[in-house]
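Visitor: Could you take me through this structure feature by feature, starting with the overall picture and then turning to the charged side chains?

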Amino acid sequence: MNFRMFCCGALLCALGGTARSQPAPHLEKRGSATQLIVDGKPFLALAGELNNTVSSDLGFMKTVWPTLANQAHLNTVLAGVAWDWIEPEEGHYDFRIVDAALENARQNNLRLVWLWFASWKNGISSFAPAWVKANQDRFPRAQIGNGKSVEVLSTLSDNNREADARAFAALMRHIREIDATQRVIMVQVENEVGILGDSRDRSAAANEAFAKPVPQALLDYLTAHKEAAVAPHGTGTWEEVFGKGPQADEIFMAWNYARYINRVVEAGKKEYAIPMYVNAWIIQPQDKGPGDYPSGGPQAHMHGIWRAGAPAIDLLCPDIYLPDFIGITAQYTRAGNPLFVPESTAGVEGAANAFYAIGAHNAMGYSPFAVDRETADVAKLPLSVAYAQLAQLAPTILEHQAQGTIAAVSLNRQRPEQQVKLGHYILNAALVRSFRTPDAIPDVTGYGIFMAVAPDEYLVAGNNLQISFTPNTPGPPIAGLARQEAGHFENGRWVATRLLGGDDSMLRSDFANVVEVGQSGSGVRLRAGDQGMQRVRLYRYR
Ligand code: DGJ
């Protein structure tokens, strides 16, 4: 991924289009993080994805926009735009749905990420226009198993690819022309691609390509990039190079999806170069092999193939509905892939996921799915509370992401504590509990984000979490609390609302035990609400 080239493209594009004072949204490497730059500044996407088709329901959406902005504290909405909606007749474009969303985003101070549901949505081609679907001769489909065609456009067809690319280019051109206030900050191109029901396309065109030599460009990439962790065996056909069986099939499909989508992305970026990503329907526990999950999608073990085939794609993103959020985000940040989580859960787990992704992996954003579903008491939902905290903290978080002085934890009954080294101390984070029964683990989800703001000072935020501190540099061995404030940010400035101590900070009373491990027994208890954000200064003693 060539960020420098990308940035230049974004700037030129912005200058070439509607007059704008800022370069177009783009990615920038800042210190230890790759960040999304919007209006010339790093931006943290506190996002949510709409159900697939609600963006086409303009009446329903009227009430949804303000709720998302004012009660759920979102700053970004991921909204579907289907190929069929904008090009119902070949060559005749209708952007009314796009324009309505842009206008509502403007009015509600929201940003948009478009989900381009075109050749594929969840592996199938349900959102392709009828003139495409009904003309199989011109727009060939994939075949699986015994040669039956499925409602899935084949990756091997120039007609399919060019028709999609033309429509996408028209969409991006339109956005460039009308989006003067840069509401649109990213685009997801296609949705959860990959072939289901078989490990590869078995149409005549696919069989022919599969029997040909593996492209030299892929072999060269894999040889030069050991981190791709896919080792080719010499040269020859896909089976000769990658072995007979589903592995070769999956690599073949990944390459063909990547090449196809890369072309679509290039056509879109030529019109308006903003960050573009693909999302993965990740492997589920019951899946035995490719085809049970979409074969060829941007699975973590296929990232090398996708990078080789699709250099124009900026991010490879996971849709995470499985409980192992920590493990999956680790897989999706390997080899420098910046993290954005376009689909995941809401609730308290969602709050913990958002904090974790942003604090532990410098994520540029988090987005639970189906945010339009909730109607009552949205402001009190755990994720709304968490987003309200993150919104206040965002400028500080973005600075600390770049400086590498940020960390986060996500805890639950199975993983009730974690130690984090940050700055001059070790932060011993644990699920919040009573100081009288420190060994009783509560059945809650706890989460926190920590920033080292000065040598002995931390800004921490979260919920259901307690933190004690142990020195991690030479000097007196025990850390005590010098000053502890609960508060919030107003216009980027910390405002202390309460001075904490006593019951607020007594975590343990078994001092004989804690003193042995360099702790004072005092620390921070984070509770979303009045004590969800704290600034703490430490001192050390013998
Ligand atoms: C994943 C897809 O990407 C979404 O569009 C949506 O269909 C959800 N699954 C539904 O759970």
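**Reading the surface, the fold and the salt bridges**

Guide: Let us begin with the surface of this predicted model: the accessible surface of the protein chain comes to about 21,400 Å², and 50% of that belongs to carbon and sulfur atoms.

Visitor: What share of the 542 residues of the protein chain counts as buried?

Guide: Burial is judged by relative accessible area, with under 20% taken as buried; by that reading, 57% of the 542 residues are buried.

Visitor: How many helices and strands are there in the protein chain, and why can the chain be called as compact as a globular protein of that length?

Guide: The protein chain holds 15 helices and 22 strands. Its radius of gyration is 25 Å, which is close to the 24 Å that the globule rule gives for 542 residues, and therefore the chain is as compact as a globular protein of that length. The C-alpha trace, followed along its principal axes, spans about 80 × 55 × 40 Å.

Visitor: Among contacts between residues at least 6 apart in sequence, what percentage joins residues at least 24 apart?

Guide: Of those contacts in the protein chain, 73% join residues at least 24 apart.

Visitor: Turning to charge, how far apart are the mean positions of the positive and negative charges?

Guide: The protein chain carries 48 positive and 54 negative charges, and their mean positions are 5 Å apart.

Visitor: How many salt bridges does a search of the whole structure find?

Guide: A salt bridge is read from a side-chain nitrogen of Lys or Arg lying within 4 Å of a carboxyl oxygen of Asp or Glu, and the search of the whole structure finds 19. One of them joins the side chains of Glu90 and Arg138, at 2.6 Å from N to O. Glu90 sits in the loop between α3 and α4, and Arg138 in the loop between α5 and β7, so the pair ties together parts that are 48 residues apart in sequence.

Visitor: Are Arg176 and Glu271 buried or exposed?

Guide: Arg176 is buried, with a relative accessible area of 15%, and Glu271 also counts as buried, at 17%. These two residues form a salt bridge whose closest N and O atoms are 2.9 Å apart; because Arg176 lies in helix α6 and Glu271 in helix α10, the pair ties together parts that are 95 residues apart in sequence.

Visitor: Which residues do salt bridges that share partners join into one network?

Guide: Asp158, Arg161, Glu162 and Arg263 are joined into one network in that way.

Definitions and conventions: Residues numbered from 1 in each chain as written. Predicted model: local features only at pLDDT ≥ 70, side-chain atom pairs only at ≥ 80, totals over all residues. Heavy atoms only, no water. Helix = DSSP H or I, 4+ residues; strand = E, 2+ residues; numbered from the N terminus. Rg over C-alpha atoms; globule rule 2.2 N^0.38 Å. Buried < 20%, exposed > 50% of the residue type's maximum accessible area, 1.4 Å probe, protein only. Contact = heavy atoms within 4.5 Å. Areas by Shrake-Rupley, 256 points an atom, 1.4 Å probe, with all protein chains shown as cover. Lys, Arg positive; Asp, Glu negative; His and termini not counted. Charge placed at Lys NZ, Arg CZ, Asp CG, Glu CD.
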